[in-house]
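Colleague: I would like to go through this model with you. Could we begin with the charged pairs and then turn to the sheet and the core?

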Amino acid sequence: MLTADHVRTRRRKGTLHIVKLSAESKMRALELAGGMIRAAKEHVGSTRAELEEAMAALPISHQDRKISEGLKKLVFDRCEIEMDATVDPVELRMKVFTLAAEMRREAVGPEEYDRKEVFARVAEELDRSVDEIESLLQSDLRQHHRVRSFASLSQEQLLALYEEGQAQAILLKALRVRVHVFCRTPAGYRALFRKLKFLRLMHTIERADAGFRIDIDGPCSLFSSVTKYGLQLALILPLLRTCSRYTLSAQVRWGKDKTPLEFQLEGQSTAEGDDPQELPPEVEVFLERFRKKSKEWRVSIAQEIFHLPGVGECVPDLVFDHSETGKRVFLEVLGYWSRDAVFKRVELAERGLPRPILFAVPKKLRVSEELLEESWNAQLYVYKQSLSVAEILSRLDSLMSPASGEAQLDVFSPL
């Protein structure tokens with residue numbers, strides 16, 4: 001992924017703009033992308049330093065320097081580069097240096113000490129060539145790591161990745177992001193909202209004219225996990241491009257002076273994404289374990305998106321159906337980066353949820369189950385490492401009580 005150093009920007013009246021490639025500069029960038037792709041293909045098996053040297057030999061003008069560094073970063077991201085693990089370089093150096101010291105002590109004069117003989121003896125012991133021993137001696141250094149493979153692509157695809165990567169790099173500096181989205185089908189919204197949860201982004205969703213408004217906290221609004229969260233936020237752009245149309249507005253802190261600026265994007269697509277039925281890893285694991293252990297409750301991925309005016313949207317992960325009574329209970333797992341999402345759900349429950357729902361919250365968010373003790377059809381379940389099947393079965397049974405009926409169906413409605 002690109003960083004801020006790779007982005008070509010211009011500031012204008014408090015707004016940050018990405019400098020678009022002219023027809024001429026785009027042709028040069030395509031040629032440069034093609035040269036870097038060829039270099040990566042030709043240097044599979046070579047060292048990182050050799051690949052970097054080949055890329056540096058490409059004709060690059062001063063005005064294309066930033067583009068070239070961005071394309072280079074993306075090419076290296078698609079390379080699998082690792083240390084040669086056939087020999088431990090630390091042990092190899094110890095063996096070579098120890099033998100060299102012994103031979104130096106035994107030598108009568110400087111002319112009797114032969115450096116080549118040291119490598120020859122070690123090579124014979126390890127059944128390697130002298131050239132291999134010299135190469136492996138510093139194989140743990142970054143520049144000596146080997147390019148094992150390269151995920152090739154066309155020069156047009158690489159340039160498209162660069163253009164999208166610039167916007168992603170800007171979002172790494174965001175304080176907050178607001179997106180208006182429109183999808184033609186409910187499946188399109190479900191796909192988007194599930195992905196937001198899968199990415200662990202702190203967000204709120206509210207209905208707006210002809211679609212939904214999504215407010216997302218940016219990485220620069222956090223006190224910790226800034227880099228990891230920023231990378232997750234950057235992944236929203238490929239997802240937005242599957243919506244029928246979208247507009248994005250972000251407040252960013254840009255440059256060395258961290259000047260607050262506004263950044264805007266918009267786009268549309270004719271190929272809207274389907275609901276991928278994607279769940280967070282801990283929910284996937286729980287789902288498999290629950291299906292093996294429970295006979296009274298059937299569990300499936302929830303299809304509903306619920307709306308409560310003045311509070312927002314609730315996107316449950318799972319729905320449980322009791323085989324005898326037909327009672328339904330929903331589960332939403334809140335593995336978010338802050339406690340705000342939990343308090344938002346508490347507010348939602350206090351406003352009167354008409355569907356029984358269980359909110360599962362990791363212990364690291366430091367919230368108490370007592371926050372929802374008085375709710376008649378909602379509970380907080382605080383878990384330590386993983387979701388317990390026994391605990392959730394117990395909560396499902398308590399939410400089946402006659403008191404946890406259903407009401408106000410007109411307020412809490414599926415999308």
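Colleague: Where do Glu117 and Arg121 lie, and how many residues apart?
Modeller: Both lie in helix α5, four residues apart, about one turn of the helix. Helices here are DSSP runs of H or I with at least four residues, and strands are E runs of at least two, numbered from the N terminus. This is a predicted model, in which local features need pLDDT of at least 70 and side-chain atom pairs count only at pLDDT 80 or more, while totals for chains, interfaces and linings use all residues. Residues are numbered from 1 along each chain as its sequence is written, and side-chain values use heavy atoms, with hydrogens and water left out.

Colleague: What do the side chains of Glu117 and Arg121 form?
Modeller: They meet in a salt bridge, at 3.4 Å from N to O. The term means a side-chain nitrogen of Lys or Arg within 4 Å of a carboxyl oxygen of Asp or Glu.

Colleague: How many salt bridges does the structure hold?
Modeller: It holds 17. One of them joins Lys95 to Glu125, with the closest N and O atoms 3.1 Å apart. That pair links distant parts of the chain, as Lys95 is in helix α4 (residues 89-106) and Glu125 is in helix α5 (residues 115-126), 30 residues apart.

Colleague: Is Glu125 buried or exposed?
Modeller: Glu125 is exposed, at 54% relative accessible area. Buried means under 20%, exposed over 50% and partly exposed in between, with a 1.4 Å probe and protein chains only.

Colleague: Changing topic, in what order do the strands of the open sheet come?
Modeller: The seven strands follow the order β1-β2-β9-β8-β5-β7-β6, with mixed pairing. Two strands pair if DSSP finds at least two bridges between them.

Colleague: Why is one side of β1 and of β6 left without a neighbour in the sheet?
Modeller: β1 (9-12) and β6 (203-208) stand at the edges, so each has a single partner strand.

Colleague: How many bridges join β5 to β7?
Modeller: Six bridges join these antiparallel strands. Val181 stands opposite Phe212 in β7.

Colleague: And which residues have the most contacts inside the largest nonpolar core?
Modeller: Among them are Val177, Val181 and Phe193, in a core of 64 residues. Such a core is a set of buried Ala, Val, Leu, Ile, Met, Phe, Trp, Tyr and Cys residues joined through side-chain atoms within 4.5 Å.
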